[in-house]
Amino acid sequence: MARVICVAQQKGGAGKTTLVVQLATAFAEAGRRVAMVDTDPQASLAGWAALRERAAGRVAELPLSAVGGWRLGVELERVRRAADLVLVDTPPHAEAEARTAVREADLVLVPSQPSPLDLWASRGTLELAAREGRAVRLLLNRVPARGRSIAEAEAAMAEAGMAALESRLGNRQAFVRAIARGLGVVESEPRSRAAAESRALAAEIAALLG
Ligand SMILES: Nc1ncnc2c1ncn2[C@@H]1O[C@H](COP(=O)(O)OP(=O)(O)OP(=O)(O)O)[C@@H](O)[C@H]1O
Ligand SMILES: [Mg+2]
């Protein structure tokens with residue numbers, strides 16, 4: 001039975017869909033059977049998957065279903081059987097939907113930019129996962145190449161008792177370019193730093209799931 005990873009964050013634009021895309025393609029590259037479920041009515045992940053169809057034949061098949069949060073349980077029953085990992089994308093500002101997805105997850109990932117405002121905004125989702133008894137990790141996303149902000153973010157996370165992954169994703173246009181082509185960065189720019197970050201992240205998560 002597949003393990004379910006839910007990417008959730010109440011704040012909009014934190015990188016949920018980017019994270020699902022980069023993880024799905026990195027896990028596929030590592031030989032895992034991956035399925036994706038889009039529960040966001042904005043359907044950004046579904047849009048990426050539609051673009052991806054044009055690249056068919058060259059890239060790993062990543063089945064996607066788009067469902068309303070209330071149908072997620074039934075859908076997961078179905079897709080779990082044919083996958084090793086299921087990645088669930090969730091909408092922002094939708095507590096009820098996020099809760100449904102979080103409940104189904106073996107691991108909840110919460111992307112956040114490394115700034116105090118973004119980290120404070122992550123608390124709600126981290127607490128939701130804790131209330132539901134789910135394993136949860138913060139992922140620092142769009143980390144700038146240099147600067148003090150990362151040390152400050154680490155201090156803020158430690159003070160708030162937030163568990164973060166060691167892996168991070170930098171603020172890199174390669175992630176954006178890949179998505180614009182219906183690809184993950186491991187496919188579009190396999191030798192880039194962005195691709196190395198995606199692979200390291202997938203490996204850390206695989207170890208965490210055991
Ligand atoms: N690591 C990154 N480097 C550069 N740009 C990024 C990175 N992560 C995300 N972005 C950009 O930030 C914007 C928001 O990302 P994304 O859509 O993945 O966030 P989201 O949390 O899914 O948003 P929403 O809450 O609307 O669903 C997009 O323009 C995306 O390309
Ligand atoms: Mg999104």
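Guide: A crossing is right-handed if the near helix is turned clockwise from the far one by less than a right angle, and left-handed if anticlockwise. By that rule, α4 and α5 cross with right-handed geometry. Two notes on the source come next. This is a predicted model: local features need pLDDT of at least 70, side-chain atom pairs count only at pLDDT 80 or more, and totals for chains, interfaces and linings use all residues. Residues are numbered from 1 along each chain as its sequence is written, while chains are lettered from A and ligands numbered from 1 in the order in which they are written.

Helices (H or I, at least four residues) and strands (E, at least two) are DSSP runs, numbered from the N terminus. Helix α4 spans residues 95-103 and helix α5 spans residues 116-131. Their axes come within 10 Å and cross at roughly 45°. Axes are lines fitted to C-alpha atoms, for helices over the stretch in contact, and angles run from 0 to 180 degrees between N-to-C directions.

Which residues of α4 and α5 make the contact? From α4 come A98, R99 and V102. From α5 come T125, L128 and A129. Contact means that two C-beta atoms, placed from the backbone, lie within 7 Å. By class, there are four nonpolar residues, one polar and one charged. Ala, Val, Leu, Ile, Met, Phe, Trp, Tyr, Cys and Pro count as nonpolar, Asp, Glu, Lys and Arg as charged, and the others, Gly among them, as polar.

H93 lies in the loop between β4 (85-89) and α4. H93 is not a glycine, yet its phi is positive, about 50°. H93 counts as exposed because it has 9 C-beta neighbours inside 10 Å. The scale is this: 20 or more other C-beta atoms within 10 Å make a residue buried, 12 or fewer exposed, and anything in between partly exposed, with C-beta atoms placed from the backbone.

A43 is found between β2 (34-38) and α2. A43 also has a positive phi in a residue other than glycine, near 55°. A43 counts as partly exposed, because it has 16 C-beta neighbours inside 10 Å.
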